[in-house]
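Here is a walk through one protein model. Keep the structure open as you read.

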Amino acid sequence: METLEFQSEARQLLQLMIHSIYSNKDTFLRELVSNASDALDKLRLESFRDKDMVVDTDDLHIVIESDPAERTLTVRDNGIGMTREDVVRLIGTIAKSGTAEFLSKLKEQQSGNASDLIGQFGIGFYSSFMVADKVTLVTRHPHAEKGVRWESTGESTYTIDEVDDAPQGTSVTLHLKPSDDEDQLPDYTEPAKIREIVKRYSDFITWPVRLGGEEINSRKALWARPASEVTDEEYAEFYRHISHDWNAPLETIRMQAEGTFEYQALLFLPSQAPMDLFMRDARRGVQLYVKRVFIMDDCAELMPEYLRFVKGVVDAADLSLNVSREILQQDRQIQLMRRRLVKKVLSSIKALQGNRPDDYAKLWREVGAALKEGLLADPDNRDAILEICSFASTNDPEAPTTLADYVSRMKDGQEHIYFMNGESRVAVENSPHMEALRAKGYEVLILTDGIDEMWPDSVPSFDGKPFQSVAKGQVDLETEEEKSAAAAKAEEFGDLLTWLQGLLEDNVKEVRLSSRLTTSPACVVGDAHDITPTLEKMYKAMGQ
Ligand code: ADP
Ligand code: MG
């Protein structure tokens, strides 16, 4: 037997679990059943791919057993199991991206409601320590001769041991905290309690969950049931299962296509941005099923990157069970399906904007910056994306505006949609570039996201109105009269301009009179095709 130490981040998370900040402790069982279900999915996929694997897949299932006298609860599956290396890597460390960030956020938020964060992080296996003071896991991978026993009290170490006669798959046994524990936990050995929790959180799990020889989940795929029969709570639980988000989804989207290429889709918009939304290896949220059988997670072929916050399931009837990513990439039907999924998601957001403006505003706050990537990445849907965009503007410091609303407020004679990039609202508002527009009473969009430095160059216009940066080139704000007056002035100041031009030769391209300033004497402007100062900084930071 060997005693090993938890990686320090894992230790911190375990401490959080032991002194649990999750208010709803019942959810530990959901996590264990969910892991067992994933393990069964993986075994079935492996057995498709690897014909030499000698493993019986006829009766894949999950069993829950309890022993009131010993105060133990066991969740067992005959799924993929884990090798010794798997156990050390998967259970002893936290390899998930964003762990460090998660922990530091949690510290910042000391007193606040940390369960939101925990839920988003999808704490999984460690949640066992909310209700148990010791956990024993026994597992065997089909390729390994011997099994592995892992055991820990959730303090700083765990033990690892070899087991001769472990059945294939994994069993997790919780030694429940004493009944007089200060947390006053319910009796989790009681069959009625177990059944209630499984019904509530795991009813849709596609594998049988058995208790005392009885199957206790209905195993009905939500997306295959008539929409009218599925409750919001059931959708929310399913969403939690696939997204690891603790919150209920903001919106549920269902789609059905019949005919030559049949599929059903159940998609969710989040009420909170996924933790990894702006991380390099952010996951896409859509799973692919074929005729109720799980095929793959994180299916990039079904949802473009800019919609990576959309979670859900697509179940296609006419694909082969051992379909690969390579096949998906080339399949025309899949490309068509993806196009329709994208349109449906965009139109659902549009509907939200019209029918539930507060929810739309929330969604935009959380994922708008990702959605705007679509203006560059998905030219075919550019107009639809522009319609659901919102931007901070000089019109109302509190409320972002849609482009349609901006256009409806445009002044007589105003031809452009004006915007200005900057680091913050204050920086933009104080910029000398704003003066002439303010004098004219023109509204200016205030763009502060990184992606805002990129898309305006590729997006010509909205509703026939071209976008115009107030910091670039000549902003044409003048009437004919003003123009001839300006020409006269240019002549009058011709000598001064020539002199200044000579003086500043090394630093500027051209010195000209401007009508854009009202109170500042002079300002520096970029050429229409120059990069913006913020972008320049970004490039410099990247070493270019
Ligand atoms: P997550 O499920 O989000 O990956 P968990 O903490 O729930 O995180 O589980 C960590 C990892 O441990 C899983 O990804 C899986 O690889 C492994 N694991 C947990 N339970 C099982 C199980 N019953 N069978 C096989 N592997 C498991
Ligand atoms: Mg899990």
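Two strands count as paired if DSSP finds at least two bridges between them. Strands of a sheet pair through backbone hydrogen bonds, either parallel or antiparallel. Keep in mind that this model is predicted.

Nine strands form an open sheet, and their order is 1-6-5-4-7-3-2-8-9. The pairing is mixed. Which strands are at the edges? They are strand 1 (2-5) and strand 9 (214-215), and each of them pairs on one side only.

Now look at one pair inside that order. Strand 3 (residues 72-77) and strand 7 (residues 169-176) run antiparallel, joined by six bridges.

Helix 2 (residues 27-49) touches strand 2 (62-67), strand 3, strand 7 and strand 8 (209-211). The direction of helix 2 makes about 20 degrees with that of strand 3. Helix 6 (residues 191-202) also packs on the sheet, where it touches strand 2 and strand 8. Its direction makes about 170 degrees with that of strand 8.

Next, move to a pair of helices. Helix 9 (residues 332-355) packs against helix 10 (residues 357-371) with the axes 5 Å apart. The angle between them is about 130 degrees, which means that helix 9 is oblique to helix 10. Which residues make the contact? Helix 9 supplies Ile349, Leu352 and Gln353, while helix 10 supplies Pro357, Asp359, Tyr360 and Leu363. Of these contact residues, five are nonpolar, one is polar and one is charged.

Methods
Residues numbered from 1 in each chain as written. Chains lettered and ligands numbered in written order. Predicted model: local features only at pLDDT ≥ 70, side-chain atom pairs only at ≥ 80, totals over all residues. Axes fitted to C-alpha atoms, helices over the stretch in contact; angles between N-to-C directions. Helix = DSSP H or I, 4+ residues; strand = E, 2+ residues; numbered from the N terminus. Parallel < 35°, antiparallel > 145°, perpendicular 65-115°, else oblique. Contact = placed C-beta atoms within 7 Å. Nonpolar A, V, L, I, M, F, W, Y, C, P; charged D, E, K, R; others polar.
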